[in-house]
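I opened the model to look up a few local features and one contact between chains. My entries follow in the order in which I made them.

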Amino acid sequence: MTEWKRQEGEETIFRTCAWSPPGCHPVGCGLQVHVKDGKVTKVEGDPEHPITKGSLCTRCLALPEYIYHPDRITHPLKRAREDRGKDKWERCTWDEATDLIAQNAREITEKYGAEAICVFGGTGREGNNWYPQWANLVFGTPNSVYAQAGWSCYGPRMTNTAFMIGGGYPEIDYAQKFEDRYEHEGWVAPECILIWGKEPLRSNPDGLYGHAVIEMVRQFGTKLICVDPRVTWLGTRSEEVLQLRPGTDTALAMAFIYVMAHDDLVDHDFIDKWCYGYEQLVERVQDMPPAKAAEICGVPEEQIWRAARLYGNAKPSSVAWGLAVDENPNGTQLGQCLIALMAITGFIDAPGGTTLGMGDDQGNVVRDGGSISADEKVDDATDSTLELAFKNGIMTEETWGRRVGIDKYPAMGSILWTVMPDEFLKALETEKPYKIHMAHFISSNPIGTAISAEPQRWYEALKKLDFNCAADLFMNPTTMACCDVFLPIASTIEHDGMVVTHYGLNSSFYGAQNKCVQVGECKSDVEAMMAVGKKMYPDFWNRFETQTDYDNFHVMRSWLPYEELREKVTVMSNEPYYKYEIGKLRPDGQVGFPTSTGRVELYSYMYEQFGENPLPYYEDPAYGPERTPELMEKYPFILTTGARRQEFFHSEHKQVPSLRQITPYPQIDLNPADAARLGIEEDDWVEIASPYGAVRQRAHVVPTIKEGVCHAMHGWWYPEQDGEEPNLFGNWKSNINVLMPNSVNGVMGFGNTFKQMICSLKKVEGEGGPNDPDSTGIFLEPSRQAEFTYQQVWRPTDETQQA
Amino acid sequence: MTQKALYIDYEFCSGCHSCEVACRNEIECGIDDWGIKVLEDKPRQHADGTWHWDYIALPGELCDMCEARTAAGKLPACVQSCQAKCLEIGTIEECAAKLAAKGKKAAILVP
């Protein structure tokens with residue numbers, strides 16, 4: 001193995017693993033970073049990395065353009081509160097910036113209590129690790145905020161898993177835990193992978209290296225079944241593509257279980273020993289025979305039989321479940337069905353099946369195995385973030401009890417460490433149950449274009465707070481609109497640290513992030529957190545001098561010291577299969593799964609405890625011909641959003657020339673028949689409207705999307721445009737989330753309309769319109785909250801709106 | 001004959017564009033030029049319901065098969081970065097043998 005740092009001529013070459021910034025999920029791809037005279041000259045893949053083996057996506061290949069971009073913020077900034085929305089930033093020192101933050105936080109805490117402060121974190125980034133710690137350990141507030149309506153990313157799947165299996169995150173088996181990979185003794189390739197609502201090649205999802213799927217198809221003949229409203233490129237290489245109507249997934253998944261039971265394609269030994277409630281599940285899915293699902297989903301009945309049989313007969317079989325589970329109010333039930341599909345074959349945690357993790361989760365809560373509630377108290381050796389906050393007098397249990405929205409959605413609060421986002425937005429607006437006075441944004445841009453629904457409401461709500469600050473790399477709509485202090489953050493190749501797939505919930509390997517260069521005065525997220533922490537709670541924070549001190553204390557203590565990991569670059573997890581048979585899943589060391597029955601709960605007592613049906617059921621999409629027939633004339637299209645492009649991570653990377661070149665404009669995919677009817681041609685500007693607002697994207701006319709359905713890209717803004725209000729870098733022009741409501745959630749609080757909304761489409765002239773991306777005008781459809789009542793009658797009844 | 005060629009299994013080129021950016025990093029041709037470019041044959045459905053949608057990476061005049069890298073025992077930048085691992089380097093004969101073994105949707109490229 002090559003050294004982590006070596007000299008070749010005038011260049012020093014570092015081996016390191018990537019996380020973020022810039023945004024990415026913790027896949028930990030291997031990099032070789034070439035440095036000359038303290039400057040990065042080139043980034044390439046690391047051929048010695050066990051998973052990526054020299055491959056690298058465009059985002060890391062273009063890292064030099066990103067880290068040395070002229071718009072990057074490389075020293076702290078401050079701005080007078082009255083200048084919010086104007087480009088009137090002044091350079092300041094780290095000392096002054098952190099003083100300002102600490103001073104405002106202290107004043108607000110004294111006057112209103114620490115819960116008047118909130119800390120936002122963006123999706124899947126490394127900052128995900130830190131924003132609950134910023135909240136609980138720096139400011140002593142319970143209110144960390146993931147602003148996506150219905151917490152619609154990963155959290156729902158984590159919760160499904162915690163409730164039914166007891167913890168860890170199920171991921172397809174591509175021999176990712178072993179150094180010798182596909183040669184590993186006992187490993188076999190999945191015969192079939194059911195890819196549900198996911199595009200693993202583009203989405204780099206949370207720890208799965210997507211192109212491993214292609215390796216297995218090519219080398220081992222693995223067959224794919226895709227369930228997706230779009231035929232993706234991977235779909236064209238699959239045995240079956242079930243092109244269902246967006247949002248009807250649960251009906252289809254129930255029909256799959258129906259077929260498996262009907263044909264008896266299940267592992268009865270495994271079910272008898274390790275599952276609970278199989279008979280009740282089978283009884284429940286009798287409500288959803290393939291003929292009925294076919295009608296609901298718009299998929300041929302015989303295809304459902306054929307695909308379910310292909311999956312059911314495969315030995316072994318595996319399930320890759322995606323974001324479509326999360327972005328659906330009926331998704332909690334979809335997740336329930338998919339976990340059942342993983343389990344009743346007997347291939348859960350089996351070679352070539354769907355792997356489970358041991359359940360460490362990076363210092364928010366660290367303990368071997370088992371389901372861990374964020375509220376649970378743990379002992380000294382493995383103190384959680386929360387327990388550290390209590391023990392060090394930074395936060396009281398009473399304050400923790402004031403986490404916004406958790407009284408109404410306790411299921412969400414039992415697994416996730418944040419507020420309930422839709423309820424938090426209402427709290428910001430109504431100042432009930434109490435007023436929020438300060439926000440801090442960690443790699444998060446809720447006024448922007450990636451995660452928040454109705455960003456127009458977040459914009460109005462956040463602008464009025466007393467004090468806001470951010471830790472980020474580039475100015476964005478949120479920082480420009482409402483922040484008073486900006487802390488410049490180091491990228492993944494500018495700081496030491498670690499990366500672990502699935503945030504530790506299912507670890508393939510532990511990877512070192514090795515610092516290669518320093519850019520300006522940038523500090524890592526952890527260094528910035530320590531700098532403010534030392535001014536807020538010095539008794540706790542003064543024990544750390546470097547990032548490594550903190551990592552070793554709080555992040556990596558259950559693994560190995562950072563210095564050791566750095567030398568090795570990657571250390572495989574080597575987690576065994578069949579952990580439930582050898583007592584490696586339960587905290588008490590007993591065999592079985594860490595649930596109350598010790599089994600995979602197909603009939604879920606946890607669902608029942610939180611007021612949800614213990615068995616899966618189908619519900620029509622909140623917006624659509626069944627439930628909003630009166631709206632369909634005006635908004636006749638079904639809109640799905642959020643499919644990823646590999647050159648962008650959500651709203652990021654739009655300013656990087658090599659990446660923007662690949663996709664210069666936002667695109668809405670529509671079927672040629674619809675396009676012809678509306679007189680729309682490729683590249684025309686199209687106005688997309690819902691009852692909540694309207695934006696524009698360019699037409700991409702493709703047969704891979706069904707007639708009557710369209711897909712719009714998310715994450716679009718124009719960093720090259722005027723950043724000042726009202727334009728805010730063109731934030732409102734193509735921002736598809738403007739069309740999405742909040743508070744359209746399932747019983748446990750999860751899900752939203754991001755993947756099943758309704759909309760209208762019309763061709764518009766590109767030039768001269770207020771919404772044209774070349775103009776600096778603003779076209780912000782006012783939120784029609786007041787005139788539009790559907791949101792208010794949605795279950796569960798919204799008492800704050802009625803009050 | 002020892003002339004080098006690129007072999008591409010374009011059944012599995014996923015259109016990720018990694019080769020383009022990796023190549024540009026290597027040959028430093030600037031943002032408006034390419035040493036290798038990914039071309040798309042856009043999706044269409046055949047009468048029997050099956051789908052066509054192909055990408056292929058095509059090296060151009062600026063490609064010198066990464067002579068300096070291969071001399072140092074490294075893979076060409078495009079081959080190394082390729083996420084689908086569908087690009088390979090070899091002599092024309094070696095590539096032809098791969099092509100014969102694959103038997104479909106593959107090509108030998110000599111820029």
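**Helix α10(A).** I looked up which residues of helix α10 (residues 278-285) of chain A are buried, and found A:Tyr278, A:Leu281, A:Arg284 and A:Val285. I took buried to be 20 or more other C-beta atoms within 10 Å of a residue's own, exposed to be 12 or fewer, and partly exposed to be in between, with C-beta atoms placed from the backbone. Helices (H or I, at least four residues) and strands (E, at least two) are DSSP runs, numbered from the N terminus.

**Source notes.** This is a predicted model, in which local features need pLDDT of at least 70 and side-chain atom pairs count only at pLDDT 80 or more, while totals for chains, interfaces and linings use all residues. Residues are numbered from 1 along each chain as its sequence is written, and chains are lettered from A and ligands numbered from 1 in the order in which they are written.

**A:Trp130.** I found A:Trp130 in helix α4 (residues 127-139) of chain A. A:Trp130 counts as buried because it has 28 C-beta neighbours inside 10 Å. I then looked up its contacts, leaving aside neighbours within four places in sequence: they are A:Ile442, A:Asp525, A:Val526 and A:Met529. Contact here means C-beta atoms, placed from the backbone, that lie within 7 Å.

**α17(A) and α18(A).** I checked how helix α17 (residues 421-430) of chain A meets helix α18 (residues 455-463) of chain A: their axes come within 9 Å and cross at roughly 45°. Axes are lines fitted to C-alpha atoms, for helices over the stretch in contact, and angles run from 0 to 180 degrees between N-to-C directions. The two helices, α17(A) and α18(A), are therefore oblique to each other. Oblique is what remains after under 35 degrees (roughly parallel), over 145 (roughly antiparallel) and 65 to 115 (roughly perpendicular). From α17(A), A:Leu425, A:Leu428 and A:Glu429 meet A:Arg457, A:Trp458 and A:Ala461 of α18(A).

**Chains A and B.** I recorded 24 residues from chain B and 28 residues from chain A in the contact. On the chain B side, α1(B) gives the largest share, five residues.

Key: Contact = placed C-beta atoms within 7 Å.
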